[in-house]
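This report is for a reader who has not seen this structure before. Please look through the sequence and the model, then read on.

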Amino acid sequence: MSDFEIAALCAHPDDAELTMGGTLALEASRGRRVAIVDLTRGESGSRGTPETRAREATEAARILGAAHREALGLPDSRLCAVPEQRDVIVEALRRLRPRLVLLPHWEQRHPDHTAASRLIYDACFVAGLRAHRPDLGAAFRPAKLVYATSVTEAEEVKPSFVVDITPFWETKLKAIAAFASQFVATPGENVALPFDGFRRAAELSARRAGQRIGVEYGEGFVTREPLRLDDLSTLGGRSL
């Protein structure tokens, strides 16, 4: 069994880099074992082949300092909250055994992102049931679920907390840029997505989040339950 302190579970290769890449790099730099799990291989995307995106994902994980990355092979553009797909995630959770799971916010424009949020939540719960599919591994349930809001349709949602990613902003950009196939238009495609243009959008999102806590760049996250605090002196940021 492999116990990871943090696992980022997202629908497609590059989703983790876009929404929580700075936070993952920060945590990895602290010596924490970070895993990235892509539910699909991104095979329905307009750009890049699954094989190309797999190579890009490996390089992006290296840049972020993640100890492990894998794709579960669920069907891209056909994610839905059904037991067959959920149990593939259950097996991964029981094998990786992360204390903390980072996942997409539930309010999304992309149907796969919405479905992924529900699937991952359901899998985290069911993975802790001892009588459910013991063939998938020993029962295990993560202690905490944290939903990412950066560069998503959930950006206007008030975050429960914001992580200062200023020291890792360039690392996040390098990890995103590793997915070079996503920034080059295919033959006959009318819409290009050059990295410089995308960088401006990503920077605007990160600056908005950072402004909330008085830093240059941030990534916002939401929890459904109140955060426990044992020491008031550890509260960061300023009220006035």
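Does Arg97 count as buried or exposed, and at what relative accessibility? Arg97 counts as buried, because its relative accessibility is 17% and the cut-off for buried is under 20%. The model is a predicted one, and the values below are computed from it.

**Overall layout**

The chain is built from 6 helices and 7 strands. Their order along the sequence is β-α-β-α-β-α-β-α-β-β-α-α-β. The chain has 240 residues, of which 50% count as buried. Among contacts with a separation of 6 or more, 80% are between residues 24 or more positions apart.

**Two helix pairs**

Two packed helices are described by the angle between their axes and the distance between the axes. The table gives these values for two pairs.

| Helix pair | Residues | Axes come within | Crossing angle |
|---|---|---|---|
| H1 and H2 | 15-29 and 50-64 | 8 Å | roughly 45 degrees |
| H3 and H4 | 83-96 and 111-126 | 8 Å | roughly 55 degrees |

For H1 and H2, the crossing angle of roughly 45 degrees makes H1 oblique to H2. On the H1 side, the contact is made by Glu17, Gly21, Leu24, Ala25 and Ala28, and on the H2 side by Ala60, Ala61 and Leu64. Sorted by class, this contact of H1 with H2 has 6 nonpolar residues, 1 polar and 1 charged.

H3 and H4 cross at roughly 55 degrees, and they are therefore oblique to each other. The crossing of H3 past H4 is right-handed. In H3, the residues that meet H4 are Gln85, Arg86, Ile89, Val90, Leu93 and Arg94; in H4, their partners are Leu119, Ile120, Asp122, Ala123, Cys124 and Val126. Sorted by class, the contact of H3 with H4 has 8 nonpolar, 1 polar and 3 charged residues.

**Cysteines**

Cys124, one of the H4 residues in the contact with H3, is buried, because its relative accessible area is 3%. Cys10 also counts as buried, at 2% relative accessibility. How many disulfides does a search of the whole structure find? The search finds 0 disulfides.

Arg97 lies in the loop between H3 and strand S4, which spans 100-104. Its phi is near 55 degrees, a positive value in a residue other than glycine.

Arg133 is placed in the loop between H4 and strand S5, which spans 144-148. Arg133 is not a glycine either, and has a positive phi of about 45 degrees. Its relative accessibility is 34%, so Arg133 counts as partly exposed.

Where does Arg41 lie? Arg41 is in the loop between strand S2 (34-38) and helix H2 (50-64). With a relative accessible area of 36%, Arg41 is partly exposed. Arg41 and Ala11 are 30 residues apart in sequence, and their C-alpha atoms are 8.6 Å apart in space. Which residues is Arg41 in contact with, leaving aside its neighbours within four places in sequence? The contacts of Arg41 beyond those neighbours are Pro13, Pro50, Glu51, Arg53, Ala71, Gly73 and Leu74.

Key: Residues numbered from 1 in each chain as written. Predicted model: local features only at pLDDT ≥ 70, side-chain atom pairs only at ≥ 80, totals over all residues. Heavy atoms only, no water. Axes fitted to C-alpha atoms, helices over the stretch in contact; angles between N-to-C directions. Helix = DSSP H or I, 4+ residues; strand = E, 2+ residues; numbered from the N terminus. Parallel < 35°, antiparallel > 145°, perpendicular 65-115°, else oblique. Left-handed = near helix turned anticlockwise from the far one by under 90°. Contact = heavy atoms within 4.5 Å. Nonpolar A, V, L, I, M, F, W, Y, C, P; charged D, E, K, R; others polar. Buried < 20%, exposed > 50% of the residue type's maximum accessible area, 1.4 Å probe, protein only. Disulfide = S-S within 2.5 Å.
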